[in-house]
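Reader: I have not looked at this one before. Can you walk me through it?

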Amino acid sequence: MKYVDEFGRSMNQKEAFKHLSHQFHGKGSGKQKTEKFLKKIDDDKRREAMSSLDASQATGMNNAMGATAKKNRQAGVRLA
């Protein structure tokens, strides 16, 4: 079974039970736990954005190197 929170992130069984319990009893985590959770979500989003940005930059660089190699009529990949 898949559990998803209000931010669209997948939760494991323990997190899902905690979320359901908080909703049912009408209580939530304390201020520090809530801030820690929101910071974790923010860090995850930032990490994903950086990884996608790095991947797109690397692809652009590979395309530029490929175009240069094609223009110079060189085959293969330079490792150094």
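This is a predicted model: local features need pLDDT of at least 70, side-chain atom pairs count only at pLDDT 80 or more; totals for chains, interfaces and linings use all residues.

Reader: OK, what secondary structure does the chain have?

Author: The chain has two helices and two strands, in the order β-β-α-α from the N terminus. Helices (H or I, at least four residues) and strands (E, at least two) are DSSP runs, numbered from the N terminus.

Reader: How much of the chain is buried?

Author: Of the 80 residues, 8% are buried. Buried means under 20% relative accessible area, exposed means over 50%, and partly exposed is in between (1.4 Å probe, protein chains only). The chain exposes about 7,700 Å², and 56% of that comes from carbon and sulfur atoms. Accessible areas come from the Shrake-Rupley method with a 1.4 Å probe; for residues, only the protein chains shown count as cover.

Reader: Next topic. How many salt bridges are there in the whole structure?

Author: There are five. A salt bridge is a side-chain nitrogen of Lys or Arg within 4 Å of a carboxyl oxygen of Asp or Glu.

Reader: Why would such side chains pair?

Author: Side chains of opposite charge can pair when their charged atoms come close.

Reader: What does R9 pair with?

Author: One partner is D5, with the closest N and O atoms 3.8 Å apart. R9 also forms a salt bridge with D44, at 3.5 Å from N to O. D44 is in helix α2 and R9 is in the loop between β1 (3-4) and β2 (10-11), so this pair ties together parts that are 35 residues apart in sequence.

Reader: Are those three buried or exposed?

Author: D5 is buried, at 8% relative accessible area, and D44 is buried too, at 16%. R9 is partly exposed, at 21%.

Reader: And which salt bridge links D44 to R47?

Author: Their side chains meet at 3.2 Å, N to O. D44 and R47 are three residues apart in helix α2, so about one helical turn separates them. R47 is exposed, with 54% relative accessibility. Salt bridges with shared partners join D5, R9, D44 and R47 into one network.

Reader: Which helices supply the lining?

Author: α1 (13-25) and α2 each give at least two residues to the lining of the largest pocket.

Reader: Where is G28?

Author: G28 is in the loop between α1 and α2, and at 55% relative accessibility it counts as exposed. Its C-alpha is 9.2 Å from that of K18, which is ten residues away in sequence.

Reader: Last one: where is L38?

Author: L38 is in helix α2 (residues 31-72), and is partly exposed at 42% relative accessible area.

Terms used:
Residues are numbered from 1 along each chain as its sequence is written. Side-chain values use heavy atoms; hydrogens and water are left out.
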